[in-house]
Amino acid sequence: MTAIEKYQPSQDLLKNRVILVTGAGDGIGRAAAKTYAAHGATVILLGRTSKKLESVYDDIVAQGWPQPLIHPLDLELATPEDYDQLASAIHDELGHLDGILHNASMLGKRTPIANYDVNTWCQVMHVNVTAQFMLTQALLPLLEKSPDASIIFTSSGVGRKGRAFWGAYAVSKFATEGLMEVLADELDGISSIRVNCINPGATRTRMRAQAYPAEDVKKNPHPEEIMNLYLYLMGPDSQGVQGQSLNAQ
Ligand code: NAP
């Protein structure tokens, strides 16, 4: 058993914390939003499909966990003004922000670089990298007000070692690791915000099925089974952990 598999988060680990989760309507983001709420957080559910966000909202409310907020936003289309409006809404409605889980991503096409469609390339890089940069930039002032804030980016194995045919997705994940490292270094020692990356590893979601259509899905864990690292990095037990890229499995 790894240290992270042995980690036992307290039930009120995230009590009174406000945490934004992107891509909260499906897959790993859905599991993370519910897990954070189950540990006491008020979760802001950001995603592009309102119906999915509403279903997560209903699940959280039915469990009696803190009432979440829904913020529909398509990261492909959002402008800096949209992110500023989000920051104002969080400030006005909740007063503070203690964490961001950058989870939303798109896979794009799995095809050789030689044939990679330029529009798809730009779309993937925008959703997976530029949108995360803009969202983070807009929310940094709110995070600075928290005594113990955490930003988590989501990486991938192909963001650490490039592999054939993973195209813009792999390159975007290298960039995500880079964004995390640059920001972590900028904030280290001058801010209480910690910045780290999670590589979830093979997990039973729609994106995994899209990337590996022939795979036996049963060999991969459900998102709910990989949440220990998501809790550890978001909560106070990871104070002082800065600039790391860690594996959830
Ligand atoms: P998923 O089930 O496909 O979920 C992705 C989420 O991102 C969905 O909620 C989706 O919203 C949202 N999203 C996509 N494009 C968006 C946009 N333009 N604006 C707003 N939201 C958008 O994928 P997943 O497997 O849970 O992936 C979660 C993260 O883990 C991703 O960063 C992925 O790269 C990473 N990851 C996953 C695996 C794995 O094996 N599953 C492995 C390594 C890394 P809709 O539902 O509305 O489309």
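1. **The model.** Keep in mind that this is a predicted model. Residue numbers start from 1 along the chain.

2. **Salt bridges overall.** How many salt bridges are there? The count comes to 9. Three of them are taken up below, among them the pair of Asp59 and Lys34.

3. **Asp59 and Lys34.** These two side chains meet in a salt bridge, at 3.0 Å from N to O. Asp59 lies in helix 3 (residues 50-62) and Lys34 in helix 2 (residues 27-38), so the bridge ties together parts that are 25 residues apart in sequence. Asp59 is partly exposed, with a relative accessible area of 26%. Lys34 is partly exposed as well, at 24%.

4. **Arg194 and Asp148.** Which residue does Arg194 pair with in a salt bridge? The partner is Asp148, and the closest N and O atoms are 2.5 Å apart. The link joins distant parts of the chain. Arg194 sits in strand 6, while Asp148 sits in the loop between helix 5 (118-144) and strand 5 (150-154). The two are 46 residues apart.

5. **Buried or exposed?** Take Arg194 and then Asp148. Arg194 counts as buried because its relative accessibility is 3%, and buried means under 20%. Asp148 is buried too, with a relative accessible area of 7%.

6. **Ser238 joins in.** Arg194 has another contact to look at. The side chain of Ser238 makes a polar contact with the side chain of Arg194, at 2.8 Å. Ser238 is found in the loop between helix 8 (227-234) and strand 7 (245-247). Ser238 is buried, with a relative accessible area of 0%.

7. **Glu215 and Lys219.** Here is another salt bridge, with the closest N and O atoms 3.5 Å apart. Elsewhere, salt bridges that share partners join Arg17, Asp148 and Arg194 into one network. Go back to point 4 with that network in mind.

8. **A negative patch.** Which residues gather in a patch of negative charge on the surface? They are Glu181, Asp185, Glu186 and Asp188. Asp188 lies in the loop between helix 6 (167-187) and strand 6 (194-199). Asp188 is partly exposed, with a relative accessible area of 48%.

9. **Positive phi at Asn16.** Now the backbone. Most residues other than glycine have a negative phi. Asn16 has a positive value, near 70°. Where is Asn16? Asn16 lies in the loop between helix 1 (3-6) and strand 1 (18-22). Asn16 is exposed, with a relative accessible area of 61%.

10. **Positive phi at Phe165.** Phe165 also has a positive phi, near 75°, and is a residue other than glycine. Phe165 is placed in the loop between strand 5 and helix 6. At 48% relative accessibility, Phe165 counts as partly exposed.

11. **What to check on screen.** Start at Arg194, which forms a salt bridge with Asp148. Then find Ser238, whose side chain makes a polar contact with the side chain of Arg194. Finish at the surface patch of negative charge, which includes Asp188.

Notes
Predicted model: local features only at pLDDT ≥ 70, side-chain atom pairs only at ≥ 80, totals over all residues. Heavy atoms only, no water. Patch = residues over 30% accessible without salt bridge, like charges linked within 9 Å, V, L, I, M, F, W, Y side chains within 5 Å. Areas by Shrake-Rupley, 256 points an atom, 1.4 Å probe, with all protein chains shown as cover. Salt bridge = Lys/Arg side-chain N within 4 Å of Asp/Glu carboxyl O. Lys, Arg positive; Asp, Glu negative; His and termini not counted. Charge placed at Lys NZ, Arg CZ, Asp CG, Glu CD. Helix = DSSP H or I, 4+ residues; strand = E, 2+ residues; numbered from the N terminus. Buried < 20%, exposed > 50% of the residue type's maximum accessible area, 1.4 Å probe, protein only. Polar contact = N/O pair within 3.5 Å; in protein donor to acceptor, adjacent residues only side chain to side chain.
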